[in-house]
Amino acid sequence: MRDLIKMVVVLLVICTTSGVVLSYVNEATKAPREYQYIKFVQEPSIKAVLSDYDNDPVKERIKLAVGEDEEGNPIEIVVFPAKKGGATQAIAYSAAAKGYHDLIEVMVGVGPEGKLTGISIMTHTETPGLGARIVEPEFTDQFAGLDLDTTKLSAEGGKVDTLSGATFSTVGVITAVGAALEQFPQIKKETF
Amino acid sequence: MSVVKEFTKGFWQELPPFRLVLGLCPTLAVTTMAENGLGMGLATTFVLVFSNLLVSILRKLIPGKVRIASYIVVIASFVVMAELLLQAYWYPMYKALGIFVPLIVVNCIILGRAEAFASKNPIILSLADGLGIGLGFTISLTVLGGIREILGSGKLFGAEVMWSSFEPLGFMVKAPGAFVCLGFLLGLMNIISRRRPAH
């Protein structure tokens, strides 16, 4: 009986200590981890969709609450503003939608009139050689200058050409960009 | 003297992937480039040194029946720590190693050292043992990664090292290349150790 109690107590103490230490480390590395994610995953895309600015969009990023999800938690998006001489020229933010396999995360750059300055695919798991071609400039470049009404397949009256053999991936990108543009009027009030 | 002995045995006699042929999963999987081998080795060394230290400190307190469970909790905690630190300060390496960082938990070298050495030896010796074995593992992975990177992509630590007309052997950076390369290194080490007088 004494052995049993000793075993339970020792394991309990070890596990509790481990939990406390790990939660401390988790808290302590939170800010640098967030920063690294922005630097290595988002920053290249931010640079690709914004042009002609003289500030640091990553440093001046702002968090905005846009609506609530089904459970009533606020949905937050991080907006990266591109400024010149202190005036906001364009903003970049990200949106995601389901492609053929999994979520496609897209960074969009939007000008003050709600027109896209460019898009860049951040993460995706589409099929190499087929859906994965959504990252190529030939595909992403056609989004520049589009707005909410023209961000549709050409077959449906929009201006985006489908990648042959990758309809689902194309539609995924369009859905993500469309969702981002739908949020724009709300974001615009807070940024421009 | 024995501290030195425990430290240096990890570099030849008990060199993990080649002499003990342990820890082969990360050895084969992440050594497509010298840098990845180095990163994996250092992460493993971090976990090994601290788990050895803690197991050695706690060796008289932990009841025999729950020792493996206790070691795994200790090891897993340091692995999570290593993962968080990599994510916070060496993000490209974190992405490159992927699933193999959390899998350090099941690396048999670490549990092996805890069970076979740290649970029976004082703190200083256990630290020397962990550091020696860990650095031996790091060097092995870096060498293996280096050979595969040079032959498979003509580079070493990302810098071009081969002549311009060199045609990279694509299969060296794939899984079969890892086995072939490991086999040659094991053979080479056996030849060398046979020529040396036994200790």
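**Figure 1. Polar contacts across the interface of chain B and chain A.** In this predicted model, three residue pairs are in polar contact across the interface of chain B and chain A, both residues of each pair being at pLDDT 80 or more. Salt bridges across this interface number zero by the rule applied. On the side of chain B that touches chain A, the elements that give two or more residues are helix H5 (67-89) and helix H6 (91-97) of chain B. H5(B) gives the most to this side, with 12 residues. Sorted by class, the side of chain B that touches chain A holds 17 nonpolar, three polar and two charged residues.

**Figure 2. Area buried between chain B and chain A.** The size of an interface is often given as the accessible area lost when the parts come together. Chain B and chain A bury about 1,700 Å² between them, and carbon and sulfur atoms account for 80% of that area. Within chain B, the residues that lose the most area to chain A are Leu84(B), Ala88(B) and Tyr91(B). Together these residues make up 30% of what the chain B side buries. Counted by residues, the contact takes 22 from chain B and 18 from chain A.

**Figure 3. An aromatic cluster with members from chain A and chain B.** Phe40(A), Tyr91(B) and Tyr94(B) form one aromatic cluster. Tyr91(B) is also one of the residues of chain B that lose the most area to chain A.

**Figure 4. The aromatic pair of Phe46(B) and Phe78(B).** Over all chains, the count of aromatic pairs comes to eight. One of the pairs in the model is formed by Phe46(B) and Phe78(B). A pair of aromatic rings is described by the distance of the centres and the angle of the planes. For Phe46(B) and Phe78(B) the centres are 6.5 Å apart and the angle between the planes is 80°. The arrangement is edge-to-face, because planes over 60 degrees apart are classed that way. Phe46(B) lies in helix H4 (residues 34-58) of chain B and Phe78(B) in helix H5 of chain B, so the pair ties together parts that are 32 residues apart in sequence. Phe46(B) is partly exposed, at a relative accessible area of 24%, whereas Phe78(B) is buried, at 10%.

**Figure 5. Positive phi at Asp52(A).** Asp52(A) is not a glycine, yet its phi is positive, at about 55°. The residue sits in the loop of chain A between helix H2 (30-49) and strand S1 (62-68). With a relative accessible area of 48%, Asp52(A) is partly exposed.

**Figure 6. Positive phi at Val21(B).** Val21(B), also not a glycine, has a positive phi of about 50°. Its place is the loop between helix H2 (16-20) and helix H3 (24-29) of chain B. The relative accessibility of Val21(B) is 37%, and the residue counts as partly exposed.

Figure 7. Asn121(B) belongs to the loop between helix H7 (108-118) and helix H8 (123-153) of chain B. At 19% relative accessibility, Asn121(B) counts as buried, because the class takes in values under 20%. The side chain of Asn121(B) reaches the backbone oxygen of Phe117(B) at a distance of 2.9 Å. Leaving aside residues up to four places away in sequence, Asn121(B) touches Ser56(B), Arg59(B) and Ser126(B).

Technical notes. Residues are numbered from 1 along each chain as its sequence is written. Chains are lettered from A and ligands numbered from 1 in the order in which they are written. This is a predicted model: local features need pLDDT of at least 70, side-chain atom pairs count only at pLDDT 80 or more; totals for chains, interfaces and linings use all residues. Side-chain values use heavy atoms; hydrogens and water are left out. Contact means heavy atoms within 4.5 Å. Buried area is the accessible area (1.4 Å probe) that two parts lose on being put together, summed over both. A salt bridge is a side-chain nitrogen of Lys or Arg within 4 Å of a carboxyl oxygen of Asp or Glu. A polar contact is a pair of N or O atoms within 3.5 Å; within protein, one must be able to donate a hydrogen and the other to accept it, and residues adjacent in sequence count only if both atoms are side-chain atoms. Helices (H or I, at least four residues) and strands (E, at least two) are DSSP runs, numbered from the N terminus. Ala, Val, Leu, Ile, Met, Phe, Trp, Tyr, Cys and Pro count as nonpolar, Asp, Glu, Lys and Arg as charged, and the others, Gly among them, as polar. Rings of Phe, Tyr and Trp (its six-membered ring) pair if their centres lie within 6.5 Å; planes under 30 degrees apart count as stacked, over 60 as edge-to-face and the rest as tilted. Buried means under 20% relative accessible area, exposed over 50%, partly exposed in between (1.4 Å probe, protein chains only).
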